[in-house]
Amino acid sequence: MAISHERIVEEFRKREKEGKAEISLVVVGHVDAGKSTLMGRILHELGTLSDREHTANERASQKIGKSSFAYAWALDSSEEERARGVTIDIAQDSFSTPHRQFTLLDAPGHRDFIPNMISGAAQADCALLVVDAVKGAFEAGFGPNGQTREHALLVRSLGVQQLIVVVNKLDAVDYDQARFEEIVMALKPFLVKCGFDSSKVNFVPCGASAGENLVRNASREELKSWYKGPSVTDVLDTLEPPARQLDAPLRMPVTNVFKGQTAVASGVGVTGRILSGVVQIGDRLRVVPGDESGVVRAIEVDNESAPWAVAGANVTVFLAGIDQIQVNVGSVLCPPSSPVQLCTSLLAQVIVFEPNYPLVAGTSVELFHHSANIPATLIELVATLDKASGSTLKKKPRVLSKGSSAIVRSLGYPIEEFKSNKEMARILLRMGGETVAAGIVLEVVK
Ligand SMILES: Nc1nc2c(ncn2[C@@H]2O[C@H](COP(=O)(O)OP(=O)(O)OP(=O)(O)O)[C@@H](O)[C@H]2O)c(=O)[nH]1
């Protein structure tokens, strides 16, 4: 028997209060700032990474003369990453603090790997920006060719509002308070210009490789004497969980489709993340694009069957009364009473990276929206924007440079505006296998 929407929301809120709030976190920062070391050490100290695994990493990294990378290896697991000592792919892990459960997306800081970072940032609720306190290193990261600025602006552009800035490697500058403050003073105005609310940005001093002020509070006199604030994990534990759009209509972009094989889970198995709304067994769902629909026979959350699921959950629903051919990766499941509208063109604010070809009006691109990949065309370049302030630099530019705004045309695709459904509005633009731009949809034309 169907349960009312209100009852499901009420029940979910009750469970949420009893359990830990879930947050996805992306770790960004200039190459070698210490991102992997920091997260590897946090995972180890929180018990997510066992002593055995860590000892194995220590031994293996010593063997090839890179013992300083032992903690980073917890996350940098591919052979190439280990040999080069840089992070290439987005590593996914999870860990929990006393009140929060995190999905961790470790992003590579190396220039060549920015596209990988975007897919991490596009899924993140909060970001941790690691900067290197060493004289010259912070300046290189924060300089025009460094990634500190670019990453901060990128995560903000992709909708991340809460930021923790970890000022790392303070051991290498004798935990100098003046150096920490100098870095904070340099970053703060820049982050505000990027659009961060300063009350949602925290600065935390630390020495990741020594484990100083990561999980436990500062223990060294040089740091303790001037810093009485929270440790990195204390701050993580107070991050606000994302507001789940429970009362908005169901939106579930499809990431996988397969044939349900068991008696309980028969029909068409459809996997994806619920971006907004609620689904329960017995619901009729429409697949957009198209006008086919199916009835939910079973729901699985974390491989366990469930009577219902709400926004934020990664689920598999089994649909009856629909042909597998009608459901595609990139389709969106929604209620027949309020389906996603197909847009004919959209206005997006994007950040442009370093495309191999100039982005001019008429350029064909692939538009990535969750797992959908749609052929699209840039139909008009509206303006280029100032990277830091967002104000218009030039109207109707001929070519797009970094930090530009563009109109992208795509036909018959379900996308929504950022102001009505944040999660449905994040896009990436790719050309020839390269991500050339990323951003959010401001307006759609139906
Ligand atoms: N002195 C000092 N060195 C550190 C600290 N944290 C990291 N390092 C060193 O900095 C180097 C880079 O560390 P990683 O953790 O690989 O840096 P990363 O930011 O993950 O690098 P990419 O993934 O390549 O962008 C390694 O040699 C670390 O041992 C620290 O707190 N103090």
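Among contacts in the chain (heavy atoms within 4.5 Å) between residues at least 6 apart in sequence, 71% join residues at least 24 apart. This is a predicted model, in which local features need pLDDT of at least 70 and side-chain atom pairs count only at pLDDT 80 or more, while totals for chains, interfaces and linings use all residues. Residues are numbered from 1 along each chain as its sequence is written, and side-chain values use heavy atoms, with hydrogens and water left out.

The chain holds 10 helices and 22 strands; these are DSSP runs numbered from the N terminus, helices being H or I of at least four residues and strands E of at least two. Of its 446 residues, 52% count as buried, where buried means under 20% relative accessible area, exposed over 50%, and partly exposed in between, with a 1.4 Å probe and protein chains only. Carbon and sulfur atoms account for 49% of an accessible surface of about 19,900 Å², computed by the Shrake-Rupley method with a 1.4 Å probe; for residues, only the protein chains shown count as cover.

**Nonpolar cores**

A nonpolar core is a set of buried Ala, Val, Leu, Ile, Met, Phe, Trp, Tyr and Cys residues joined through side-chain atoms within 4.5 Å. The largest has 63 residues, and Leu-38, Leu-128, Val-165 and Leu-191 have the most contacts inside it. Helix H8 (residues 177–194) gives the most to this core, with seven residues. Because domain 1 (21–236) and domain 3 (342–445) both give residues to this core, it lies between them; the domain bounds come from an automatic or database domain assignment. Apart from this core lies another, of 28 residues, among them Val-254, Leu-285, Ile-299 and Trp-308.

Leaving aside residues up to four places away in sequence, Val-165 touches Leu-129, Val-131, Leu-187, Leu-191, Val-201, Asn-202, Phe-203 and Val-204.

**Helix H1**

The 14 residues of helix H1 (residues 5–18) should span 20 Å at 1.5 Å a residue, and its end C-alpha atoms are 20 Å apart, which agrees. The expected span is 1.5 Å times one less than the number of residues. Ile-8, Val-9 and Phe-12 of H1 are buried. Seen down the axis of H1, its buried residues fall within an arc of 95°, so they line one face of the helix; the arc is that of the directions from the helix axis to the C-beta atoms. These buried residues pack against strand S9 (278–280) and strand S13 (308–310). On the other side of H1, Glu-6, Arg-7, Glu-10, Lys-17 and Glu-18 are exposed.

**Local backbone features**

Lys-169 counts as partly exposed, at 25% relative accessibility. A cis peptide bond joins Val-288 and Pro-289, with omega about 0°. Pro-289 is found in the loop between strand S10 (284–288) and strand S11 (293–301).

**Ala-438**

Ala-438 lies in strand S22 (residues 434–445). With a relative accessible area of 1%, Ala-438 is buried. Ala-438 and Ala-210 are 228 residues apart in sequence and, C-alpha to C-alpha, 36 Å apart in space.
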